Amino acid sequence: MPRAEDVLVEEHLRELASRLHGPARLKSDLLTEARHDLLDVVDAYREGGVPPTEAQRRAVAEFGSPAQLLPSWQAELAVAALRGLSLRMLAVAGVAVVAGDLTWRGSSWSDSAPPPAAYRLLSASVDWIWMGALLLAVAGLLVVAASARSPRPGLAVAQRAVGAGLTGTLVLGMLTGGALFAWSIDRWDAALTWPPMIIGLVLAGGAYFSLTRAARGWLLAAAR
């Protein structure tokens, strides 16, 4: 818990916090650990007879400036953000690949005239996009695992490549999925009142919202 007399320590931590971007829990853990380390050094100086303000100043100087600390901390936050994005994409893409066609089964228009070739191509494209997202999500988790074992420079490039791929795939999936749904209700009036379609639309909206937040979090963390 912050101590009222440790003004310089808290100012240093606030500056670090304002410049860090990434998963809130990990960011909080990093700052909490930093606070404990700083206060331990302050206490050691004070026990040696150093005045409180000078003890804080020395502890902060020894601990490191934002320029020294932020690169490694931000890199850790970026990896955690990529992990979160990959896990969400893995879950959403997995469901989309397995259950995407369930919204159509048993519909009143299933036995009607087959849709045009362009519609079938768009539908197939949506399936392939989600399959690609599934593979990218697995790749993201593998890169994260490799980064935890050995943070080599090449892995940082791989992290950015996979994260950019996941973000781009999400945008593409949203555009093609929205176009397919709009085309479906334009072609078949019953599609708008078909319960599986309505349920699928609600679930897809929630999934897109969750993925968009995760992608935005990764972009902010990786841009620092």
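Helices here are DSSP runs of H or I with at least four residues, numbered from the N terminus. The model is predicted, so that local features need pLDDT of at least 70 and side-chain atom pairs count only at pLDDT 80 or more, while totals for chains, interfaces and linings use all residues. Residues are numbered from 1 along each chain as its sequence is written, and side-chain values use heavy atoms, with hydrogens and water left out.

A salt bridge is taken as a side-chain nitrogen of Lys or Arg within 4 Å of a carboxyl oxygen of Asp or Glu, and the structure holds 4 of them. In one of these, the side chains of arginine 35 and glutamate 10 meet at 2.9 Å, N to O; this pair links distant parts of the chain, with arginine 35 in helix 2 (residues 24-47) and glutamate 10 in helix 1 (residues 7-19), 25 residues apart. Both arginine 35 and glutamate 10 are buried, where buried means under 20% relative accessible area, exposed means over 50%, and partly exposed lies in between (1.4 Å probe, protein chains only).

Glutamate 54 and arginine 58 are separated by about one helical turn because they are 4 residues apart in helix 3, and their side chains form a salt bridge at 3.0 Å, N to O. Arginine 57 and glutamate 54 also meet in a salt bridge, at 2.5 Å, N to O, and these two residues lie 3 residues apart in helix 3 (residues 52-63).

The nonpolar interior can be followed next. A nonpolar core is a set of buried Ala, Val, Leu, Ile, Met, Phe, Trp, Tyr and Cys residues joined through side-chain atoms within 4.5 Å. The largest such core has 30 residues, and those with the most contacts inside it include Leu82, Leu166 and Trp218. Helix 4 (66-99), helix 5 (117-149), helix 6 and helix 7 (195-223) each supply at least two residues of this core, with helix 5 giving the most, 9 residues. A second, separate core of 18 residues includes Leu20, Leu30, Leu31 and Ala55.

Threonine 167 is found in helix 6 (residues 153-187) and is buried because its relative accessible area is 15%. Leaving aside residues up to four places away in sequence, threonine 167 touches Leu85, Ala215, Trp218 and Leu219, a contact being heavy atoms within 4.5 Å.
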